[in-house]
Amino acid sequence: MTASKTNAYNELFGRWLTGRNGFTPIQANKLKIIAQPALEVSAGKIRCRRCGQKTGKKRALLPHGQYYCPRCLNFGRLTSLDTLYTISEPNFFEPPKQILTWKGQLSPYQQKTAKRLLQTIDQQETFLLWAVTGAGKTEILFPALARAFAQGKRVCLASPRIDVCNELYPRLMSAFSQISLVLLHGQQQQKYRYTQLVICTTHQLIRFVAAFDVLIVDEVDAFPFRNNAWLSYAVQTARKKNSTLLLLTATPTKQLLRQVHKGRLAFGYLPLRYHGYLLPQPQVFCEMAWKKKIAKGEVPARLKRILLTWIKQQKPFLVFVPRITLLAPVYRAICRVLPSKIQGTTVHASDVQRSAKVAKMRLGEYHFLVTTTILERGVTFPRLNVVVLGADDEIFMQSVLVQIAGRVGRSRACPTGDVYFICTMQNTEIKAACKQIAFVNRKGRRMKNEMLSALPKKKI
């Protein structure tokens, strides 16, 4: 393939495009573009080659007698008249003289895990890393990413959450300033281009085919990736046959742990945060009538004392609620008990100003946010405290509560903080979350003691 053709058609490298993008079978033959029917039609079902999902013919039937895939309609309709085109990933990347431009330093705990991840690159493994929230998973990845880039490999870092992708993009752009990268998600205006590093939501993986030598899925336990066959298929299709798959989580699912116990999945563990401190242990208290008080515009007495203490300490905080309908009344009730100069707001998943509000919280323009679970992960605020109001609601699963607790104590300057779960009564999810945090903290203490004891003794 000539250089001009490479420039013209590099959007096809490891990526599905349809004939509607302007490609024809004649061009496909000349340019060695792989062309396949978008849908496989069998006796009773159709199967989409892009998303891998099967649909009954009756549901997929169009008025003119053709079929379409209803499963991945949001990515552009595919019918039995469409053709998908791709070019096998050629890895047209030349490593720069300086690959890793990050000037930071890993802690001894992080270095040990980082060395293990280097092996996964060399051995092309599928590997699960269970690292507590605040362990510095992104920085731990840097040596492995640098190894992959030096070898001319193409890398993707995917997450189910847009917020996580938005957080990762500037950090990786800074750490690998000479490496080409692109950010892809449904709310991003940035146009796709061929790059060595792709940062995207897991949904965007549906557009790729055998593209990546290294595929990293962060927050693998998060909705909507968790137990999602559609997205699992996208992960497997987007990676090359011989490739590395890294799964990162702070709260592994039972399914993942079963694979580890059966020896089907290589596994690594980091129970200490990057600054060497443990996760904050939540304090739980029951408040039977908190909803009634909020409806009257009142804040439960104990919660009022907590909030006023945080204000006195000049500590920013998040108040998590289980339903969008609770955001406004909880916000109004809190504003009634706080000094008028204290600024805050509400935020939720469909809030068009969500990113701006999070940015203002980081800058200190907001002292607090009343939020849904959208901020359970992927965001970092210094010196933060949190409270979960209605922690026994069904939406607050064990993993969600652990992630929320992990928002606290993430900075080296302020590695501790307060976590409160307020509920009408303790349920199994609250107990399990507290138990898991206590478990990883025991492991963390043990790791810290072992590494300290391994240090050479000073001569007296």
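**Entry 1**

Helices (H or I, at least four residues) and strands (E, at least two) are DSSP runs, numbered from the N terminus.

Some ground rules for my notes: residues are numbered from 1 along each chain as its sequence is written, and side-chain values use heavy atoms, with hydrogens and water left out. As this is a predicted model, local features need pLDDT of at least 70 and side-chain atom pairs count only at pLDDT 80 or more, while totals for chains, interfaces and linings use all residues.

Next I looked up how the two strands of the unit meet. Strand β18 (residues 385-389) pairs with β19 in the parallel sense over four bridges; pairing requires that DSSP finds at least two bridges between two strands. Val 388 has Phe 421 of β19 as its bridge partner.

I then turned to the helix. Seven of the eight residues of α13 are buried, so I noted it as mostly covered; buried is under 20% relative accessible area, exposed is over 50%, and partly exposed lies in between (1.4 Å probe, protein chains only). The buried ones are Ser 399, Val 400, Leu 401, Val 402, Gln 403, Ile 404 and Ala 405.

**Entry 1: strand β19**

Why is β19 largely enclosed by the rest of the structure? Five of the five residues of this strand (residues 419-423) are buried, so that is the reason. Val 419, Phe 421 and Cys 423 lie on one side, Tyr 420 and Ile 422 on the other, and both faces are covered.

I also found a parallel partner in strand β14 (residues 283-286), joined to β19 by four bridges. Val 284 is the residue standing opposite Phe 421 there.

**Entry 2: cysteines**

How many disulfides does the whole structure have? My search gave zero, with a disulfide taken as a pair of cysteine sulfur atoms within 2.5 Å. Cys 423 has its closest cysteine sulfur in Cys 286, at 4.0 Å, which is too far for a bond. Cys 423 is buried, with a relative accessible area of 0%.

For Cys 48, the closest cysteine sulfur is in Cys 72, 3.7 Å away, again too far for a bond. Cys 48 also counts as buried, at 0% relative accessibility.

**Entry 3: sheets**

I looked up an open sheet of three strands, in the order β3-β4-β5 with antiparallel pairing. Its edge strands are β3 (39-41) and β5 (54-56), each pairing on one side only. Neighbouring strands of this sheet are turned by 25° against each other on average, direction ignored. For such angles, axes are lines fitted to C-alpha atoms, for helices over the stretch in contact, and values run from 0 to 180 degrees between N-to-C directions. Between β3 and strand β4 (residues 45-48) I noted three bridges, and Val 41 has Ile 46 of β4 as its bridge partner.

Another open sheet has seven strands in the order β9-β10-β8-β11-β12-β7-β13, with parallel pairing. Here β9 (181-184) and β13 are the edge strands, each pairing on one side only. Strand β7 (residues 126-131) pairs with β13 over five bridges, and Ala 131 stands opposite Leu 270 of β13. Helix α7 (residues 229-238) lies across β11 (212-217) and β12 (239-249), running at about 130° to β12.

**Entry 4: Gly 268**

I stayed with strand β13 (residues 266-270), where Gly 268 is found. Is Gly 268 buried or exposed? Gly 268 is buried, with a relative accessible area of 12%. Leaving aside neighbours within four places in sequence, Gly 268 is in contact (heavy atoms within 4.5 Å) with Phe 127, Leu 128, Leu 129 and Trp 130.

**Entry 5: confidence**

Last, I checked pLDDT, the predictor's confidence in each residue, from 0 to 100. The chain has a mean pLDDT of 91, with 94% of its residues at 70 or more. Over residues 1-5 pLDDT stays under 50, and the model has five contacts beyond four places in sequence for them. Where pLDDT is low, the predicted coordinates should not be read in detail.
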